[in-house]
Amino acid sequence: MEISALTRSVVKRNHAVISPDGYINSRVPGWDNCTVNVIINEQMGAHLCQTLITLNEISVLTGATLHSQLFFYVVEGRCTATVGGETNTLEKGQFVYIPIAKEYKVDKPEPGTQLLTFHKVYEKLDGYDVPPVIFGDAANIEGPTYLGDAALRLQVLLPDTLAFDMAVNIFTYDPGGHLPFVETHIMEHGLIYLQGQGVYMLDKDWYPIKKGDSIWMAPYCQQWFTAMGKEPAVYIYYKNVNRFPT
Ligand code: UGY
Ligand code: MN
């Protein structure tokens, strides 16, 4: 039997590893008959929110974005999403980006559907319109090699324009692939592993990481990752981008 006083989760001042072993459910108004795990939030010092929602056949999510934009990504299963009058079925790997001031509804899920969300307070840029609603599919987004390394591929899910202040990318590492250098940067990350395993270095601490684990990296948290095992390691991550460094 596992020892219940052990966890792989770690929460520090500038990074956190949240493994599913410590999840406690939250009740979120408007997100009905579902299980919500708030994984990253301002309570830990972050400037983004990341949740994982597990749906059953009677789950319905309704709401309206106010100051925060919202990104839904289907980790498992299938559901229907209605945003700004447009309804689409969302399957594994598909997503919808909901800008500020939009109503949304998610319903008709397959039991066991898992949705990842990223939320960020939107910082509008003078001269640029608020981005539109975007329905997309990771399977249709190219994954060019990252910095010339054939073991690494990066898919950029949202348009790379100044109207967006948040990026959501999928990073795929072949076994043995690794970040080419230790990153030290102002941008913050939230991520969840979709597949595989490896070792992440966060501010000189080393963590074994696998599918289902999430990581928060505050600005300037030094970061490096190497993939291990028999299959590629894949994570989807948030990054704040494109705004003046005040
Ligand atoms: O975009 C990034 O900063 C990315 N290379 N960081 C990361 O995967 N930890
Ligand atoms: Mn980074």
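Helices (H or I, at least four residues) and strands (E, at least two) are DSSP runs, numbered from the N terminus. The model is predicted: local features need pLDDT of at least 70, side-chain atom pairs count only at pLDDT 80 or more, and totals for chains, interfaces and linings use all residues. Residues are numbered from 1 along each chain as its sequence is written, while chains are lettered from A and ligands numbered from 1 in the order in which they are written.

Q: In which strand is the place of Tyr238?
A: Strand S20 covers residues 233-240. Tyr238 has its place in strand S20.

Q: Is Tyr238 buried or exposed?
A: A residue is buried if 20 or more other C-beta atoms, placed from the backbone, lie within 10 Å of its own, exposed if 12 or fewer, and partly exposed in between. Tyr238 has 27 C-beta neighbours inside 10 Å, so Tyr238 counts as buried.

Q: With which residues is Tyr238 in contact, leaving aside its neighbours within four places in sequence?
A: Two residues are in contact if their C-beta atoms, placed from the backbone, lie within 7 Å. With those sequence neighbours left aside, the contacts of Tyr238 are Leu48, Gln50, Phe118, Met166, Val168, His189, Gly190 and Leu191.

Q: Is Ala218 buried or partly exposed?
A: Ala218 is found in the loop between strand S18 (214-217) and S19. Around Ala218 there are 18 other C-beta atoms within 10 Å, and therefore Ala218 is partly exposed.

Q: Which residues does Ala218 touch, not counting residues up to four places away in sequence?
A: The C-alpha atoms of Ala218 and Met166, 52 residues apart along the chain, are separated by 15 Å. Not counting residues up to four places away in sequence, Ala218 touches Asn14, His15, Gly45 and Glu188.

Q: How many bridges join strand S16 to S19?
A: Strand S16 (residues 197-202) and S19 run antiparallel. Met201 stands opposite Trp224 in S19. The number of bridges that join S16 to S19 is six.

Q: Which residues are around ligand 1?
A: A residue is near a molecule if its C-beta atom, placed from the backbone, lies within 6 Å of it. The residues around ligand 1 are Phe171, Glu183, His189, Gln223, Tyr237 and Lys239.

Conventions
Pairing = 2+ DSSP bridges.
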